[in-house]
Amino acid sequence: MHLGPWRWFDENMLDCCEPLEKVKDKGISFGKVVCLAHCAGANVKAFRANQSSLDDFRKFILACSSSDDCHVISSYHRGAFNQTGTGHFSPIGGYHAEKDMALILDVARFKYPPHWVPVGLLWEAMNTIDESTGLHRGFMLVSRRESSPGLLYTLSCKHDSWITTAKYLMDEVPVLLSSNNLKDVNSVFSAVFTSLPSDFSEFIKWVAEIRRKEDNSQGLSEEEQGRLAMKEEVLKQVQETGLYKHITSILSSSDSLALRSGKQSLSQSDSFANMAANICCQGAGILTNNSGDKYCCLETCVRCYRATSDDKHVTVVSGMVVNGNGKQGVDVLVPSSSSSSESCCNHDKPSGGLLHPASNDVLTALLLALPPHTWYGIKEKRVLEEISCLVSAENLPSLLQEEIMHLRGQLVMLKRCKEDKVEEDLSAPQL
């Protein structure tokens with residue numbers, strides 16, 4: 001059960017490296033659990049049994065059992081304990097020095113409650129081969145980072161558009177940049193934007209919908225409200241970068257071309273003001289019984305009203321639409337989950353009042369998060385220098401820099417996972 005953002009982790013949120021449906025069906029390997037821990041923002045040191053020793057393992061258990069900041073997760077074969085099942089993951093909850101035993105906090109408590117096992121026997125259970133990978137099982141040390149990463153941008157396997165977008169940025173963009181003779185910064189970004197995956201607009205809408213649901217969460221604690229404010233601060237810092245200004249300018253200048261060619265404009269398709277405009281245009285078509293007409297919305301206003309005394313609310317989207325026959329005002333009633341009566345006339349803010357990422361925001365964050373070598377294929381030295389300056393994370397505000405570096409690490413880990421390299425490389429991503 002998830003009552004609001006950030007209250008706790010549950011398994012439905014741990015899907016960066018492998019879709020949960022696949023994990024439930026076939027399980028998950030040691031390397032992909034390491035990948036998942038990296039993506040979730042933890043510090044991770046992983047060891048296969050054939051790359052460590054019983055003595056080292058015992059030292060790690062002892063150290064982590066007396067620390068609040070370190071945890072040992074063991075990957076072992078249940079057969080060594082005469083238990084049913086095969087491969088399993090469990091955290092180590094304690095160490096009994098006199099008896100040299102480790103406390104297994106079994107995550108399948110319905111099957112086996114927490115239990116003590118000899119450390120030597122646990123080592124034997126880890127020093128086995130996982131038949132799915134042909135590699136040894138092992139253990140990992142997991143600790144918390146000083147900062148909380150992933151405030152606004154984080155990877156997920158829940159939406160296919162994330163996967164295609166990440167693949168495009170990490171695999172195809174470097175090839176695209178090296179195979180074209182790009183003469184200036186605008187031509188570089190234009191080349192990237194014109195080749196975006198066909199479902200990129202769906203990805204943007206998905207991001208905006210997640211933010212909308214979070215902002216409408218009720219009963220948030222003071223700490224959670226503070227994190228919402230931090231999210232908005234990250235978004236503001238994105239919009240203050242030179243890269244954001246370049247991207248916004250390019251997307252704005254391409255609107256007319258996109259409209260003439262019948263393509264959806266990235267800079268408009270995902271903004272809340274444009275969503276409201278689309279609603280008004282559709283409503284005008286329905287009211288005139290002529291949905292085939294082309295309408296343009298000059299202005300929009302979204303208001304939330306209390307409908308009854310039981311705190312239910314309704315949202316009214318208003319707009320002034322025009323076509324070849326003149327202009328008219330339109331009011332459309334739409335479902336609402338907002339908790340206050342507010343308006344957001346002529347603005348890209350939803351009725352909750354918080355900023356939401358649009359395509360230029362998300363594109364800025366994604367390009368900042370790309371590894372520096374992504375751009376090395378640009379042939380013109382002057383252009384490469386300008387691009388490198390724009391996409392550099394070195395001089396970003398600390399909050400945004402932490403966010404971007406975390407997203408970069410996720411992109412690197414996802415690429416490693418998709419290339420089936422997570423089993424051979426357990427190290428943290430090099431940023």
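1. C64 has a relative accessibility of 8% and therefore counts as buried, where buried means under 20% relative accessible area, exposed over 50% and partly exposed in between, for a 1.4 Å probe and protein chains only. C70 is buried too, with a relative accessible area of 19%, whereas C389 is exposed at 63%. A disulfide joins C64 to C70, with an S to S distance of 2.1 Å; the rule applied here asks for a pair of cysteine sulfur atoms within 2.5 Å, and by it the count comes to 1 disulfide.

2. On provenance, this is a predicted model, in which local features need pLDDT of at least 70 and side-chain atom pairs count only at pLDDT 80 or more, while totals for chains, interfaces and linings use all residues. Residues are numbered from 1 along each chain as its sequence is written, and side-chain values use heavy atoms, with hydrogens and water left out.

3. The sheet is open and has 6 strands in the order β1-β8-β2-β3-β4-β5, with antiparallel pairing. Its edge strands are β1 (42-48) and β5 (115-118), each of which pairs on one side only, and the twist averages 35° from one strand to the next. Strands here are DSSP runs of E with at least two residues, and helices are runs of H or I with at least four, numbered from the N terminus; two strands pair if DSSP finds at least two bridges between them.

4. H115 and V117 form the covered face of β5, whereas W116 and P118 form the uncovered one. In a regular strand the side chains alternate between the two faces of the sheet.

5. Helix α3 (residues 54-65) lies across β1, β2 (70-77), β3 (87-96), β4 and β8 (138-144), and runs at about 65° to β3. Helix α4 (residues 119-126) also packs on the sheet, touching β2, β3, β4, β5 and β8, with its direction at about 65° to that of β2. Contact means heavy atoms within 4.5 Å, and the angles, which run from 0 to 180 degrees, are taken between N-to-C directions of lines fitted to C-alpha atoms, for helices over the stretch in contact.

6. The largest nonpolar core has 49 residues, of which V188, F189, F193, L367, W375 and I387 touch the most other members. Elements giving two or more residues to this core include α6 (185-194), α13 (359-369) and α14 (381-391), and the largest share, 8 residues, comes from α5. Such a core is a set of buried Ala, Val, Leu, Ile, Met, Phe, Trp, Tyr and Cys residues joined through side-chain atoms within 4.5 Å. Leaving aside neighbours within four places in sequence, L367 is in contact with L169, F189, F193, L243, I247, W375 and V391. Apart from this core lies another, of 20 residues, among them C70, W123, M126 and F139.

7. V362 lies in helix α13 and counts as buried at 2% relative accessibility. V362 and F203 are 159 residues apart in sequence and 9.8 Å apart in space, C-alpha to C-alpha.

8. The axes of α5 and α15 come within 10 Å and cross at roughly 95°, and the two helices are therefore roughly perpendicular to each other. The contact is made by W162, I163, A166, M170 and D171 of α5 with L407, L411, V412, L414, K415 and K418 of α15. Angles of 65 to 115 degrees count as roughly perpendicular, under 35 as roughly parallel, over 145 as roughly antiparallel and the rest as oblique.
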